[in-house]
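Please look over the sequence and the structure below before reading on. The paragraphs after them are meant to be read with both in view.

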Amino acid sequence: MATEEIRVRGTVQGVGFRPTVYRLAKACGLYGDVCNDGQGVLIRVSGSEEALTEFVTRLQTECPPLAKINQLTRIPYEGKFNFNNFVISSSLNSAIKTEIVPDAATCPQCQKEIFDPFSRFYRYPFTNCTHCGPRLSIIRAIPYDRCNTSMSAFVICPECAKEYHDVENRRFHAQPVACHVCGPTAWLERADGKSVTASMFSMLDDVDAVCTLLQKGEIVAIKGLSGIHLACDATQETVVQKLRQRKKRYHKPFALMARDIEIIEQYCSVNAKEKELLTSSAAPIVLLQATGKKLVAPSVAPGQNTLGFMLPYTPLHHLILRRMNRPIILTSGNLADEPQCIDNDEAREKLGTIADYFLFHNREIINRVDDSVVRVIGEKVQTIRRARGYAPASISLPPGFDNVPQILAMGSELKNTFCLLREGEAILSQHLGDLENAAAFNAYQETLNLYLNLFEHKPEVIAIDKHPEYLSSKLGKELADTNQIPIHQIQHHHAHIAACMAENGIPLNSPPVLGIALDGLGYGDDGTLWGGEFILADYRKFQRLATFKPVAMIGGEQAIYQPWRNTYAQLIAANLWDDCQQQYADLEIVRLLNKKPLKLLNQLIEKKINSPPASSVGRLFDAVAAAIGICPEECSHEGQAAIAMEAIVDVSSLNNDKEALIYPFSFSFSDSIYCIDSRPMWQALLYDLQQQIPQPVIAAKFHKGLANAIVEIVKHLCEENLINQVALTGGVFQNCILLQQVSKRLETLGIKVLTHSLVPANDGGLSLGQAVITAAQLIHES
């Protein structure tokens, strides 16, 4: 007989792990106990060597659906052992090293119960078990016990308590377990304050009444799992337009929810991988190709050829959509750019002029978590926004990062996340939005404090972006000063590349890779703005090998939202404006530019007044889009014009390898760096505009030409530096066409291509890169 202490670390609390341990220990004839503590799950167990080996093997192969074992260690147990059976013991308090589980979509068993008239959970909108339901959104502290969640406000009834304490029941120690008798309740309100009852609509209850309201063309604010959403019928153009006007969200596409896959397939094509994502426990928004079989309202996703669909992920949503045979919009309940509302009173105040009705409930949302957004490119998942369903699950770091000090990385200004590094794993926060909005910055600070407390994380070093004006960097400096700890400033594009390396498992001491970081902008080491970089990088250091020719961002930030500024700047930089006046004066873009205050703009460029030079490929996309007539005057959000241009690309031109269908770029070498010049591309594009070549063909030629230029410079740099591994990163590589074109051509050349999947290619993944670079530098120094 042997007696062992088995320590299991990972996602092992609140996921039915202890009942699984109990069941397997009984099956193997073992005795002892299992409990939760700050490090994960602790098992003290005694039996024959054969039985113990079988137990550990089955524990790993029969792991519960939401659990993830990161580490399992076995040592002889030396303490007192007074067990003659196997039992589940109470949680122990100790240093926090375990994980918090992401919120999980309703499991099939719970779905079945809410529609079963003979179940005590029939039509109960907060039904859950150990395999599904709220986790991150309701937790205040760990261990993950009911007293540390917002469910502590609800006294469990005898029936629920019986299931909660029954180790054979799938609700055993499911902390949010509740029913009609003892749990949260939902109710309907009118935004104008007048009374409303479900009987007004002859419906089953207030939740069922929401479906009727949506069908009638009303806008309903729905308090869900981790935030409040605004919902309306996605097929009624009038109500969709009304929602856009009230919410002041004029162009960004809206997310959609449909009752089931069959309804989604009426509007979009859904492959096996996309279906797997839609039906997963994460239940993200999945960007799908619209087929045109059935159409949603035009204002749902203007200028897009994709639709972002998700399936119901709570019983509340399943019950609302039971009778809904068409998609609904389900978008964040907020004013433009502000964080999503999570509190009933806050929603009444901020959404009262947007929603016609509110569906509230009385379970407090502790942590705001937006919906995640993903897409499938080829066979690989690309995460665009990592939030509900994924955060805060840890990301295992590559070999070499096992023993690093606790590091806090503050992330970027836009699409912010922060990252906690500890003991070989990275804990990335949910998407927190754009910090330039005051409410978003306040929410960022609140979430950061919560994570630091939840994980008892005491940073020994803080990592920030080098940009001096990023609010995240300023806050990082304040925290470092207050706590008298070192600060590391990390270059933006090096962080992008390191994040891509880390999620692809590149070991710490590996040779450098060639990173291609294309985005809107980042603060460069030379004090200029970068955004089109070819960088030789490992985790500790980097060398800039090539870049796109810098072009002025006329008016600074205004250039992001007025694409014509980028077109003019590109034409000036290419010395083509005189040609435009002489040869192309009749072109629509030239006529538009001639209406602008060009003398003033020229002075701004010449004197470098609020017109910093930037090698930004993001702004190049905007410039080309404006030139061919896509959003030339105004954009309501960054990348709008570029995304719209990607959507119209002519597929037949894209798949035609004729050289005439590829715009040329030129290359030069000076000051120890290669430079890609877009002048030849602009010459060819202006000529095509004059010849009235269709927009989709020009868009295809630009995408192919840019991909070709990237591949040509990569070939040269790989040969010159004897490297065979390339990392593609930065927000521009969320462009599906460019990513596929570059990847396919490089792989044909035998070059290994690293791309993003677990974390976004955009700034949402930046904090991971900041953290691993800082860790690598500290290891090197020691």
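The model is a predicted one, in which local features need pLDDT of at least 70 and side-chain atom pairs count only at pLDDT 80 or more, while totals for chains, interfaces and linings use all residues. Residues are numbered from 1 along each chain as its sequence is written, and side-chain values use heavy atoms, with hydrogens and water left out.

Helix 2 covers residues 49-61; helices here are DSSP runs of H or I with at least four residues, strands are runs of E with at least two, and both are numbered from the N terminus. The expected span of a helix is 1.5 Å times one less than its number of residues, so the 13 residues of helix 2 should span 18 Å, and the 19 Å between its end C-alpha atoms agrees with this. Its buried residues are A51, L52, F55, V56 and L59, where buried means under 20% relative accessible area, exposed means over 50%, and partly exposed lies in between (1.4 Å probe, protein chains only). Seen down the helix axis, these buried residues fall within an arc of 135 degrees, so they line one face of helix 2; the arc is that of the directions from the helix axis to the C-beta atoms. The face turned away from this buried side carries the exposed residues E50 and T61.

The salt bridges come next. A salt bridge is a side-chain nitrogen of Lys or Arg within 4 Å of a carboxyl oxygen of Asp or Glu, and by this rule the count comes to 36. In one of them R322 pairs with D208, the closest N and O atoms being 3.6 Å apart. Because R322 lies in the loop between helix 9 (315-321) and strand 12 (328-332) and D208 in helix 5 (residues 206-215), the pair ties together parts that are 114 residues apart in sequence. R322 is partly exposed at 34% relative accessible area, whereas D208, at 3%, counts as buried.

K596 forms a salt bridge with E633, with 2.9 Å between the closest N and O atoms. Here K596 sits in the loop between helix 17 (588-594) and helix 18 (598-606) and E633 in the loop between helix 19 (617-627) and helix 20 (640-648), so the parts tied together are 37 residues apart in sequence. K596 counts as buried at 18% relative accessibility, and E633 is partly exposed at 34%.

The side chains of K715 and E712 also meet in a salt bridge, at 3.5 Å from N to O. Both residues lie in helix 23 (residues 695-721), three residues apart, about one turn of the helix. An α-helix has 3.6 residues a turn, so residues three or four places apart point the same way. K715 is partly exposed at 28% relative accessibility, and E712 is partly exposed at 35%.

The last stop is the second largest pocket. It is lined by 26 residues, of which K68, P102, G389, Y390 and A393 lie nearest its centre. The largest share of this lining, three residues, comes from helix 8. By class, the lining residues divide into 13 nonpolar, eight polar and five charged, where Ala, Val, Leu, Ile, Met, Phe, Trp, Tyr, Cys and Pro count as nonpolar, Asp, Glu, Lys and Arg as charged, and the others, Gly among them, as polar. A pocket, on a 1 Å grid over the protein atoms alone, is an open set of points where a 1.4 Å probe fits, with protein on both sides within 12 Å along at least five of seven lines, and lining residues have an atom within 4 Å of a point.
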